[in-house]
Amino acid sequence: MGAGGKINFVKHGAFKDVSVALMVHPGNANITWAKYLALSTVLVDYYGKPAHAASCPWEGANALDALISAYTSISMLRQQVLPTTRIHGIIKKGGDAPNIIPDHTQGEFMMRTEKLSDLNSLQPKMDAIFRSAAAATGTTVNISTDPRVYSVFEDVVINSKLAGRFERYAKENGCTFPSKETQVSKSYGSTDMGNVTHAVPGIHPVFDIECTKFDIHTNEFREAASTEKAHSATLRAAKCLSLTAFDFISDIDFREEVKAEFVGAHRMPSNPNGNSDDESVHLPVSSFQSLFAEGDILAKQGDFRKAVDAFSKALEMRLNDKHCLVARSKCYLQLGDSESALEDANMALKQDSAFFRAILYKAEALYSKGDFEMALVFYHRGNKMRPELNAFRLGIQKAREAIDNSIGNPKDYKFQAPAGIKITPQGQVIMSNPSGPNAIKSVQSALSAKKERPMSGKNVKQLLGELYKDREYLENFLLDKGGMPNIYLSNLQLKDFEHNPNDRITALVKNALDYLETRTEFWRQQKPIYARRKDHSKAIVKEIMARNQAFITEMAHNHRVKVTEQGLSKTDGEISIGEKLESNRFTTEALKYVNASMNVVARSVEHKDYQRALSAAKSLSNRLEDIKNLPNLDVAVSDVTSMIGNIYLEVGSLPKAMEYYRKDLLNCKIKKLGSCTSRAFGNMGRIYVKLRKYEDAMAAFEHKLEILRHSKSDPEVGSVSLEKAWLLHDIGRCLLELGREEEAKIKGEESLSVAELLNDTRWCLNACVLIGQVEVRQKRVELAIRAYTKALTFSQTLGDTHAVRAITEALLELNSEKGSSFQSPTTKGQKHLPHPPRGIIGATSRPRVVAIH
């Protein structure tokens, strides 16, 4: 976990249901009160201007001078920091050639302090050094403390109750300890266990492996750690740790003392004297880096409102941090709040006027507001600073296009001279009757003759998309009953606003219509209807159409086969896609639209552009409601709804995925779509497993299994039987997680029976592993060995070397247990067992899922 793995566990709530955390580390002495420092890392980049060092050095700006100046200033800063503070760093890049003034240098620095609060106060001093070095050398600097790259290691908070109990047991087992003053006098570096001890009570002692000549993390120490003495010391330390944990579990008074000390250590004073009431107890406060990382994760998942809240809390701890401001600005843009996005970008630029990310998002915010000219200015400014970034070049292009689309091409306008006035090709104006009111009147008439025509309803519908129905509804809402369409009158009991006015509702509706009108005009200027052209060449379009036609023809053939097998007649209401194609019953436009939408979704998912995939899938779902001549329309709606749920699942938004899976299930039940209903239950079961709701997952899988049992397909062949094999296996896996081992074994044996009948080696392997794990839980060693031996045969047949190695190790451990007392199943015979991951697949296709943990 040297890369801070436990920090990620803390951030994602892995210790939410944990009461205490205990950990030991080998060393060259027995230490209970080991001192571990808080750690933060910063990456500094200086950008200058290259020049030849001999011919014209005065034309350059030396980025290496800036980095050396900062390095020297940090050395001087060490005189004014606490004795427990450590600052160290390296120069990662110093230039490319000695005869060229370096235009880019990079350094990496670490800061360690005794407490996290000291670390937060040290960071501004370091930032001031970096910026002053840039100002002195005429260069620019970029300071990165991005939590996604550099995790902050917090100091270890040692719980004295736990530490005292561990030390007592260690002494009883023959260990000797230096005095507490001697123990705390030495620093043992930094560890991510510190972040854990800020979340739950914990300790991190060091135990002696009798290697006094060398320090930890050296080659010599590694050799010493492989000796019998080190192994015996490790067992002794593990025993003391286990006894301490046992006391915490069994001794109520001791447990309460540990918890009370933990809460007291993180209690914030309610007055300057440091006194606090019991009611003002606070849990540990999150650090800036953890809040920043939380916001970044939420933004990636598409939950921009919660991301904004996380970034706002982070900014309360580190006011006006430019990286955090820019990240929040990006979220505001996604939420459509261009004013707040622009404000954050401006605040970031006040901190660093050369910060290119702030310039980019200021340009984006201006563009979103419709101020295309100023957006173009900042796109150009950013492109001049960082010409290698595509974002600025694309911004320049789209801003120019938006300006051209708004103003129009002068060649498209032709001035018509009024009567009595002639304009020569050279631009000279000749007036036959220069005086009199009629001349002025005719000129005014000519100037106002050409007025902009309002957009047609068709163009507005194209611009607003799915919002057009909302606009239509709101417009009708303002009308009285006489002007309200029947569809609204049948669903809503509306008052006559003429006789029963409601100013508040009327104002809300008008505000919404004004907003839609503003967005319509913005989108019209940004990309007019006449400017929307297909980007594909004719050859690419032809290729895509041919591929989709082949796919649909194949689907039609499969459907005809299925109808034949099930003995369905055309009176059942299902008409094959092939028959539709052969009789040319659905329009070319509908086919083109469905083809294009599916291609966009597939390509976007392939390139991991889930935002675009989601938008295209939702748009297709809305349009399917208007397409009446598409064959198997209900199945298509179900497919798209399920696809949206799958996209949400890919980005980790489980609640949204479940929402669409439930919607799909409800629709399938109403339309009586058997196969689609089966798929919906499988998808829901997969979500429940991820949420560890195994009872709900089993219920979903049982429903899916029931549908398979009533299917008219041959139960001995085909995908239906294979689905039964993995469904039985997954139900058994859920039962095993719930501790219902005997029921899990029955399901495993049923799964094995079906898999053997189909001669599917992969699921035979999975079923045998499940049965073996049940036997291990039940402490039936012989039966476990028999199941794993059978699984080993299947893994060898598959050529799965990873599974072969893991099962072989498990068999060796089980064989070693024969004739001795059986140990805990979590440590013997189950440590390296192969099994399908907890994210159980819920598709109708044949899953291939064996993973080794």
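I count a residue as exposed when its relative accessible area is over 50%, and as buried when that area is under 20%. The model I am reading is predicted.

**Entry 1: two loops**

I looked up K672 with that cut-off in hand. Its relative accessible area is 74%, so K672 is exposed. K672 sits in the loop between α27 (654-671) and α28 (674-690). I noted its phi, which is positive at about 55 degrees although K672 is not a glycine.

I then went to R692, in the loop between α28 and α29 (694-709). R692 is not a glycine, yet its phi is positive, at about 60 degrees. Its relative accessibility is 52%, so R692 counts as exposed too.

**Entry 2: strand β3 and its partners**

I turned to strand β3 (residues 38-47). How many residues of β3 are buried? I find nine of the ten, so β3 is largely enclosed by the rest of the structure.

I checked which strands are bridged to β3. Ten bridges join β3 to β5, and the two run antiparallel. In this pairing, V42 has F109 of β5 as its bridge partner. Five bridges join β3 to β6, again antiparallel. Here I picked out Y46, whose bridge partner in β6 is V141.

I also looked at how covered β6 (residues 140-144) is. Four of its five residues are buried, so I put the strand down as mostly covered.

**Entry 3: aromatic rings**

I listed the aromatic pairs and the count is five. I took the pair F109 and F130 for a closer look. The ring centres are 5.6 Å apart and the planes stand at 45 degrees, so the pair is tilted. For the label I needed the cut-offs: under 30 degrees is stacked, over 60 is edge-to-face, and the rest is tilted.

Which parts of the chain does this pair tie together? F109 belongs to strand β5 (residues 104-113) and F130 to helix α3 (residues 116-137), so the pair links parts that are 21 residues apart in sequence. I find both F109 and F130 buried.

**Entry 4: charges over rings**

I looked for charged side chains over aromatic rings. K180 lies over the face of W33, at 3.9 Å from the ring centre. R386 has its charged end over the ring of Y47, 5.5 Å from the centre of that ring.

**Entry 5: helix α8**

I checked the length of helix α8 (residues 228-250). At 1.5 Å a residue, its 23 residues should span 33 Å, and the end C-alpha atoms are 33 Å apart, which agrees. I then noted the buried residues of α8, which are A230, A233, A237, C240, L241, T244, D247 and F248.

**Entry 6: cavities**

I counted five cavities of 30 Å³ or more. The largest cavity holds about 70 Å³ of space. Which element gives the most to its lining? I find that α8 does, with four residues. α4 (160-172), β8 (206-208) and α8 each supply at least two lining residues.

I wrote down the residues that line the largest cavity: N30, F166, A170, C175, F177, V206, F207, D208, A233, R236, A237 and C240. Going back to the previous entry, I find A233, A237 and C240 among the buried residues of α8, and these residues are also part of the lining.

Methods
Residues are numbered from 1 along each chain as its sequence is written. This is a predicted model: local features need pLDDT of at least 70, side-chain atom pairs count only at pLDDT 80 or more; totals for chains, interfaces and linings use all residues. Side-chain values use heavy atoms; hydrogens and water are left out. Rings of Phe, Tyr and Trp (its six-membered ring) pair if their centres lie within 6.5 Å; planes under 30 degrees apart count as stacked, over 60 as edge-to-face and the rest as tilted. Buried means under 20% relative accessible area, exposed over 50%, partly exposed in between (1.4 Å probe, protein chains only). A charge sits over a ring if NZ of Lys or CZ of Arg is within 6 Å of the ring centre and within 35 degrees of the ring normal. Two strands pair if DSSP finds at least two bridges between them. The expected span of a helix is 1.5 Å times one less than its number of residues. On a 1 Å grid over the protein atoms alone, a cavity is a set of points where a 1.4 Å probe fits but cannot get out, and a pocket is an open set with protein on both sides within 12 Å along at least five of seven lines; lining residues have an atom within 4 Å of a point. Grid points are joined across faces, edges and corners, and a volume is the space filled by probe spheres set on the points.
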